[in-house]
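Here is a short walk through a structure. Keep the sequence and the 3D view at hand as you read.

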Amino acid sequence: AGIVGKFKTVIAWHARRTHGALHPAKRRKVSSPTCDTCNQTLSRPFVCLQCSFAGCWSGSHITDHLKDTVHTFCVDAKSGSVFCSECDDFVFDDTIDDLYLSTVLSVEEQKTRFQGSREPYQPWIPTGDESIVLKDAATVPCQGRRGLLNLGQTCFLNVILQSFIHNPLLRNYFLSDRHNSRLCKHSDCTCCEMDNLFTEIYSPTNTPFGPTSFLATTWKVSAEMSGYAQQDAHEFFITALNQIHGTCRGSTNISCNCIIHQTFAGQFQSDVTCEKCGTVTSTIDPMLDISLELRSKSGEPAADNTLASCLRRYTKPEKLGAREYSCSKCTKASHEAVKRLSIRTLPPVLSFQFKRFEHKTSGKAAPQKIDALIRIPVSINMAPYTTLAMNTTGKDGETGYPGPDAMYEYDLFAVINHEGQMDNGHYTNFARFQDEWYRFDDDKVTPSTLSDCLASNAYMCFYVKRHLDYKPYVKPTYLVAREKDIVREQAMEREKEAARMKEVDDALIAMV
Amino acid sequence: MSKLTSEVEVLHVEVHRRMIENGEWDRILHLLSSKLSESGWADDLLHRAKENSRSMDPLSLQMILQELLSHAQTSVPLSVKREITTLIKQFVREQFEK
């Protein structure tokens with residue numbers, strides 16, 4: 001208990017300290033312990049878990065302390081990695097990982113009160129009933145990997161389906177049986193097709209299978225997708241999202257809470273500032289994904305070629321010409337204004353598309369494909385592109401720090417590649433399960449590496465937020481409505497019954 | 001000669017302390033992390049560490065660190081190095097002016 005408590009204290013201290021140092025509004029002195037061996041200020045403290053010693057890793061100050069005092073464990077305050085002097089190496093255990101996670105999340109929750117109410121993190125512990133069910137349940141391996149047969153130029157379908165299969169939020173939803181295709185009453189239900197897809201993927205066989213009914217349903221619902229010609233994977237992606245949303249129970253047209261919107265929906269904010277009077281007009285638009293240009297406005301290829309540079313270009317202020325804007329505050333005619341896009345709400349899964357296919361209306365007849373290599377990172381911090389960050393600029397106009405990094409870290413889980421030209425090309429994809437990367441080429445699935453994936457020149461890529469934050473649980477409106485109906489029906493039943501009893505009583509009295 | 005070196009050492013410890021207390025250390029480190037991530041340096045190290053550890057027996061973090069340290073130091077992109085060095089120099093200069 002002593003070691004666990006010390007561990008939590010150290011981790012929480014470091015998390016709060018980092019937040020304090022990075023937040024521009026709070027420029028106070030940052031607490032700075034010194035090494036108990038060399039007296040230098042510690043930039044990366046290692047703390048003994050059995051006494052108050054703190055020291056440098058370099059020069060073996062901390063490891064010497066452990067040897068000298070026969071203490072066993074010390075921890076790196078930043079990463080939570082625990083070093084054991086008996087093993088003479090860092091040791092890893094799920095308990096330590098869970099402890100680190102819950103401590104860091106607790107600090108993060110305290111620091112993000114500005115977000116509004118948030119459900120505090122609790123690890124899941126099965127109840128008595130749940131434990132009984134779990135004891136008798138058959139376990140299946142949670143790695144779902146199956147190739148998908150090409151049904152005739154359907155690689156565009158296969159790569160998108162693989163990105164759904166490896167999407168943790170979609171996977172968890174369908175594996176929890178949240179849309180049971182045997183109970184669903186819709187016909188041509190794409191949501192049922194998703195349920196069937198996951199059933200196939202997690203079945204005991206792992207020979208490739210053909211998603212024929214998924215394809216057929218897609219054709220029935222969206223005629224423009226039908227036919228055996230090659231389609232654009234991104235177009236199919238958006239079509240599929242809309243179809244699944246439409247057939248999900250409880251989906252609505254405004255503020256929908258279906259699995260698609262919960263997973264992919266974010267918001268853009270567009271701020272237009274009038275140069276004359278400074279009035280800012282803001283518009284908020286919903287989005288399911290982000291499409292990034294590879295060329296600057298003038299048509300030249302970009303200088304920088306990373307995901308971050310594309311996002312910077314996307315969110316940089318641009319001047320609107322005199323004719324494009326008229327301010328509602330200054331009564332004068334149109335003048336110059338500056339428009340800036342930013343991300344107001346980040347979804348749990350971020351989908352990026354690089355606009356590699358340009359449709360030229362004049363000049364060349366055939367649309368060109370832009371093959372420029374774009375470097376994507378294995379994880380990305382989205383803070384600099386958010387509305388909140390842009391509104392909290394620090395001194396020197398540098399972008400402000402809008403909250404703990406943990407809120408903005410995203411990890412790559414799938415990449416879609418396209419080789420060849422626009423009309424005759426082939427789609428393949430990479431996807432990650434936990435730490436391992438695999439390459440998917442229709443029915444052929446092979447183990448791969450991170451560097452192969454990152455070097456593959458992405459057309460689309462998908463990132464998932466590292467830590468999800470939850471609103472406090474609110475009963476869905478359709479359940480509330482149903483409960484009200486049940487209460488009302490029961491009341492009516494009682495009234496009817498009472499009325500009937502009264503009739504019987506009256507009849508009896510009349511007879512007497 | 002040794003007097004000069006020890007003077008420099010004392011200064012170094014002092015500047016180091018001030019930078020951490022000021023919070024500038026954390027801010028520069030944050031910027032450095034994001035630049036190294038964007039340049040692919042961090043992902044390259046992650047990939048190498050993973051592939052090295054696949055065939056390592058016994059698996060040891062210290063061994064992984066040892067194998068990667070020199071490559072990690074030399075493969076930092078020049079532009080990132082320059083930018084961060086400039087920021088550090090700026091801070092040191094400001095401290096001397098005070």
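In which helix of chain A does Phe237(A) lie? It is helix H9, which covers residues 233–246. Note that the model is a predicted one.

Stay with Phe237(A) for a moment. Its relative accessibility is 0%. Buried means under 20%, so Phe237(A) counts as buried. Which residues does Phe237(A) touch, leaving aside those up to four places away in sequence? They are Ile160(A), Phe164(A), Phe264(A), Asp289(A), Ser351(A), Met460(A) and Phe462(A). In sequence, 116 residues separate Phe237(A) and Gln353(A). In space, their C-alpha atoms are 11 Å apart.

Now step back to the whole of chain A. Its secondary structure comprises 14 helices and 19 strands. The C-alpha trace spans about 105 × 85 × 65 Å along its principal axes. Chain A has 512 residues, and 43% of them count as buried. Take the contacts in chain A with a separation of 6 or more: 61% of these join residues 24 or more positions apart. Chain A exposes about 28000 Å², with 53% supplied by carbon and sulfur atoms.

Turn to chain B. Here helix H2 (residues 24–38) packs with helix H5 (residues 78–97). Their axes are 10 Å apart, at an angle of about 170 degrees. Angles over 145 degrees count as roughly antiparallel, so H2(B) and H5(B) are roughly antiparallel to each other. By class, their contact has nine nonpolar residues, three charged and no polar ones. H2(B) contributes Glu24(B), Ile28(B), Leu31(B), Leu32(B), Lys35(B) and Leu36(B). These meet Val80(B), Glu83(B), Ile84(B), Leu87(B), Ile88(B) and Phe91(B) in H5(B).

Methods. Residues are numbered from 1 along each chain as its sequence is written. Chains are lettered from A and ligands numbered from 1 in the order in which they are written. This is a predicted model: local features need pLDDT of at least 70, side-chain atom pairs count only at pLDDT 80 or more; totals for chains, interfaces and linings use all residues. Side-chain values use heavy atoms; hydrogens and water are left out. Helices (H or I, at least four residues) and strands (E, at least two) are DSSP runs, numbered from the N terminus. Buried means under 20% relative accessible area, exposed over 50%, partly exposed in between (1.4 Å probe, protein chains only). Contact means heavy atoms within 4.5 Å. Axes are lines fitted to C-alpha atoms, for helices over the stretch in contact, and angles run from 0 to 180 degrees between N-to-C directions. Angles under 35 degrees count as roughly parallel, over 145 as roughly antiparallel, 65 to 115 as roughly perpendicular and the rest as oblique. Ala, Val, Leu, Ile, Met, Phe, Trp, Tyr, Cys and Pro count as nonpolar, Asp, Glu, Lys and Arg as charged, and the others, Gly among them, as polar. Accessible areas come from the Shrake-Rupley method with a 1.4 Å probe; for residues, only the protein chains shown count as cover.
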